[in-house]
Amino acid sequence: MASSSRASSPFPSLVVSAALGLAGAAPAQEATRLADAYVEAVTKLNEEHRRKPRGNEEELAKRLPRKAARSLERLLELDEAGELEAALRRCSTAALDLALVGDFDALRLRLAELAGEEGAPLDVALARPRFLLIGQNGLSVAYLTHFAEVLDAILDAYDEVFGFEEWSKVPGKKLRVRVHLEERITSPPHFAPQFPFHSEIDFPVVDPDELRSPTSDGKFLFYGLCHELGHVIAMWGSPSHDTDHHAWAHYTGVTITEHLTGSRSFAELGEPLRDAQYGRTLAKEREAHRTTEPSLDDRDGVLATLIALHDAVGAKAVGTALNHLDREEEHRRVNGVRYHSFEKLAEGLLATLRSPKARRAVSELLP
Ligand SMILES: [Zn+2]
């Protein structure tokens with residue numbers, strides 16, 4: 001009896017809301033309707049781009065229909081109503097999905113008005129050509145501006161050292177970094193592969209003023225950011241059987257940390273970023289693995305293989321080989337994320353390297 005009355009209960013309420021809709025939209029429904037129009041337009045653009053990437057995210061955002069932009073304008077003008085806050089929040093998420101920071105900021109302002117002074121801190125966002133930063137738990141735009149300088153320097157270093165061409169799993173889309181302020185870091189930075197339209201790194205910090213590393217309790221956040229970017233560029237094996245992709249990310253992480261720490265142009269920005277002084281360098285790993293036999297059997301073997309490859313053919317050759325594999329779609333994609341194999345890496349290297357000596361080294365290290 002009880003279950004049958006529960007089962008039938010949704011129908012009368014549906015009829016009631018439909019009747020309200022006919023009688024003229026109440027403000028709450030208007031908010032939902034306007035948010036739907038904006039969110040659906042953003043999702044449609046992103047879906048189309050994922051299926052057939054064309055241009056970068058800024059070009060994509062310009063194709064947002066005027067109707068969707070007008071819906072957002074009207075939503076921002078609505079007075080407080082029950083569903084307004086939820087509608088604004090959904091639009092904020094959608095705005096970030098297309099890196100529309102102007103829309104996001106306008107929504108943030110309206111949410112701040114609704115919440116008043118007692119409200120919890122709202123997220124902030126900052127876009128740069130290659131990435132979008134989202135700051136949470138009270139981080140400021142000034143914090144993100146400094147963080148952006150560091151990340152731009154890291155990406156420049158990746159360009160100089162490896163020359164990777166595409167950062168996001170969805171070509172053209174900006175990489176996202178979700179930076180959140182915590183009292184203590186309980187789970188380290190990680191690559192979050194689950195988002196459908198972009199690649200994202202989850203990045204906890206403890207210092208509200210600016211990025212410092214290592215933290216007072218010994219977390220290497222600067223190296224950690226360089227490391228996670230290694231995962232963004234390439235995972236190895238498959239989700240169920242990883243061929244020590246942490247060795248790969250460790251290799252790219254220490255390589256970039258070392259490169260930046262040695263660079264004069266990074267000296268000022270890098271002053272609070274001292275991971276290299278605590279041994280997060282390629283030189284330290286080369287020394288530690290002097291007698292490790294290169295293999296693909298375990299983490300140490302993979303790391304020794306990567307260091308030997310680095311020394312024999314150079315990091316640029318490794319980057320060129322992965323770019324080649326990306327262009328040829330010679331990788332597995334799981335939820336859009338690129339998974340490579342060392343077998344394919346060898347093929348990519350042999351397809352792009354000319355020098356007989358370098359080719360011989362590849363054949364020996366990656367038989
Ligand atoms: Zn890792």
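This is a predicted model: local features need pLDDT of at least 70, side-chain atom pairs count only at pLDDT 80 or more; totals for chains, interfaces and linings use all residues.
1. Overall composition. The chain contains 15 helices and eight strands. Its C-alpha trace extends over about 80 × 50 × 40 Å along the principal axes. Of the 367 residues, 38% count as buried. Among contacts between residues at least 6 apart in sequence, 65% link residues at least 24 apart.

2. Domain assignment. The chain is assigned two domains: domain 1 covers 21–118, and domain 2 covers 131–365. Taken over C-alpha atoms, the centres of domain 1 and domain 2 are separated by 34 Å. The contact between the domains draws 11 residues from domain 1 and nine residues from domain 2.

3. The domain 1 side of the contact. Three helices, α3 (27–51), α4 (57–62) and α6 (84–97), each supply at least two residues of the side of domain 1 that touches domain 2. Of the elements on that side, α3 gives the most, with three residues. In terms of residue class, this side of domain 1 has four nonpolar, four polar and three charged residues.

4. The largest nonpolar core. This core has 89 residues. The residues with the most contacts inside the core are Y38, C91, L133 and I154. Helix α8 (residues 141–161) gives the most to the core, contributing nine residues.

5. Surroundings of Y38. Leaving aside residues up to four places away in sequence, Y38 touches A68, S71, L72, C91 and A94. Two of the residues in this point, Y38 and C91, are also listed among those with the most contacts inside the largest nonpolar core.

6. The five-stranded sheet. Five strands form an open sheet in the order β1-β2-β3-β5-β4, with mixed pairing. The edge strands are β1 (124–127) and β4, each of which pairs on one side only. Neighbouring strands of this sheet are turned against each other by 25° on average, direction ignored.

7. Strand β5 and its partners. On one side, β5 pairs with strand β3 (residues 175–181) in the parallel sense over six bridges. Within that strand, P204 of β5 is the bridge partner of H180. Strand β4 (residues 190–192) pairs with β5 in the antiparallel sense over three bridges. The bridge partner of F191 in β5 is I201, and that of A192 is E200.

8. Burial of strand β5. Is strand β5 (residues 200–205) largely enclosed by the rest of the structure, or largely exposed? Five of its six residues are buried, so strand β5 is largely enclosed by the rest of the structure. In the strand order of the sheet, β5 stands between β3 and β4.

Note on methods:
Residues are numbered from 1 along each chain as its sequence is written. A nonpolar core is a set of buried Ala, Val, Leu, Ile, Met, Phe, Trp, Tyr and Cys residues joined through C-beta atoms within 7 Å. A residue is buried if 20 or more other C-beta atoms lie within 10 Å of its own, exposed if 12 or fewer, and partly exposed in between; C-beta atoms are placed from the backbone. Helices (H or I, at least four residues) and strands (E, at least two) are DSSP runs, numbered from the N terminus. Two residues are in contact if their C-beta atoms, placed from the backbone, lie within 7 Å. Domain bounds come from an automatic or database domain assignment. Ala, Val, Leu, Ile, Met, Phe, Trp, Tyr, Cys and Pro count as nonpolar, Asp, Glu, Lys and Arg as charged, and the others, Gly among them, as polar. Two strands pair if DSSP finds at least two bridges between them. Axes are lines fitted to C-alpha atoms, for helices over the stretch in contact, and angles run from 0 to 180 degrees between N-to-C directions.
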